[in-house]
Amino acid sequence: MKSSYRKKLEKASNFLREVFDDLETEGSDDFDNFGTRLEDLAGEIDDLLAEDEANVKDADDDDGYEVE
């Protein structure tokens, strides 16, 4: 994944968590309606980023040589 996409996804995750925190602090009905979903979305984005990072590391490890 392009680094610019990774940065945007990281920002999105952070923004979702900020909204979650604000709603939680405010204690509004919106937190009851949306809080869990916002946290879940941020977690899904983090999972995507971790999966992409693992794929990049796996690709870097494969240098074309086979060890027996």
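Modeller: Start with one residue. Setting aside neighbours within four places in sequence, S13 is in contact with A42, I45 and D46. Keep in mind that this is a predicted model.

Biologist: Which helix holds S13?

Modeller: S13 is found in helix α1.

Biologist: How do I read its accessibility? Is S13 buried or exposed?

Modeller: Compare the relative accessible area with the cut-off. Buried means under 20%. S13 has a relative accessible area of 1%, so S13 is buried.

Biologist: What joins the side chains of S13 and D46?

Modeller: A polar contact of 2.9 Å joins them.

Biologist: Step back to the fold. How many helices and strands does the protein chain have?

Modeller: Two helices and zero strands.

Biologist: Now charges. How many salt bridges does the structure hold?

Modeller: Five. One of them pairs the side chains of D52 and R6, at 3.2 Å from N to O. D52 lies in helix α2 (residues 29–61) and R6 in helix α1 (residues 3–26), so this pair ties together parts that are 46 residues apart in sequence.

Biologist: Are D52 and R6 buried or exposed?

Modeller: Both are buried. For R6, the relative accessibility is 17%.

Biologist: What else does R6 pair with? How far apart are the closest N and O atoms of R6 and E53?

Modeller: R6 also forms a salt bridge with E53, and their closest N and O atoms are 3.8 Å apart. This pair, too, links distant parts of the chain: R6 is in helix α1, E53 is in helix α2, and they are 47 residues apart. E53 is partly exposed, at a relative accessible area of 38%.

Biologist: Back to D46. Which residue meets D46 in a salt bridge?

Modeller: R17 does, with 2.7 Å from N to O. R17 sits in helix α1 and D46 in helix α2, 29 residues apart, which links distant parts of the chain. R17 is partly exposed at 26%. D46 counts as partly exposed at 29%.

Biologist: How do I read salt bridges that share partners? Which residues do they join into one network?

Modeller: Follow the shared partners from pair to pair. Here they join R6, E10, D52 and E53 into one network.

Biologist: Next, rings. How many aromatic pairs does the count come to?

Modeller: One. F20 and F31 form it, at 5.3 Å centre to centre and 55° between the planes, and the pair is tilted. A pair counts as edge-to-face over 60 degrees and as stacked under 30. F20 is in helix α1 and F31 in helix α2, so this pair links distant parts of the chain, eleven residues apart.

Biologist: What are the relative accessible areas of F20 and F31?

Modeller: F20 has 15% and is buried. F31 has 23% and is partly exposed.

Biologist: Finish with the whole chain. What percentage of its residues are buried?

Modeller: Of the 68 residues in the protein chain, 19% are buried. The accessible surface comes to about 5700 Å², and 49% of that surface belongs to carbon and sulfur atoms.

Note on methods. Residues numbered from 1 in each chain as written. Predicted model: local features only at pLDDT ≥ 70, side-chain atom pairs only at ≥ 80, totals over all residues. Heavy atoms only, no water. Salt bridge = Lys/Arg side-chain N within 4 Å of Asp/Glu carboxyl O. Helix = DSSP H or I, 4+ residues; strand = E, 2+ residues; numbered from the N terminus. Buried < 20%, exposed > 50% of the residue type's maximum accessible area, 1.4 Å probe, protein only. Polar contact = N/O pair within 3.5 Å; in protein donor to acceptor, adjacent residues only side chain to side chain. Contact = heavy atoms within 4.5 Å. Phe/Tyr/Trp six-rings, centres within 6.5 Å; stacked < 30°, edge-to-face > 60°. Areas by Shrake-Rupley, 256 points an atom, 1.4 Å probe, with all protein chains shown as cover.
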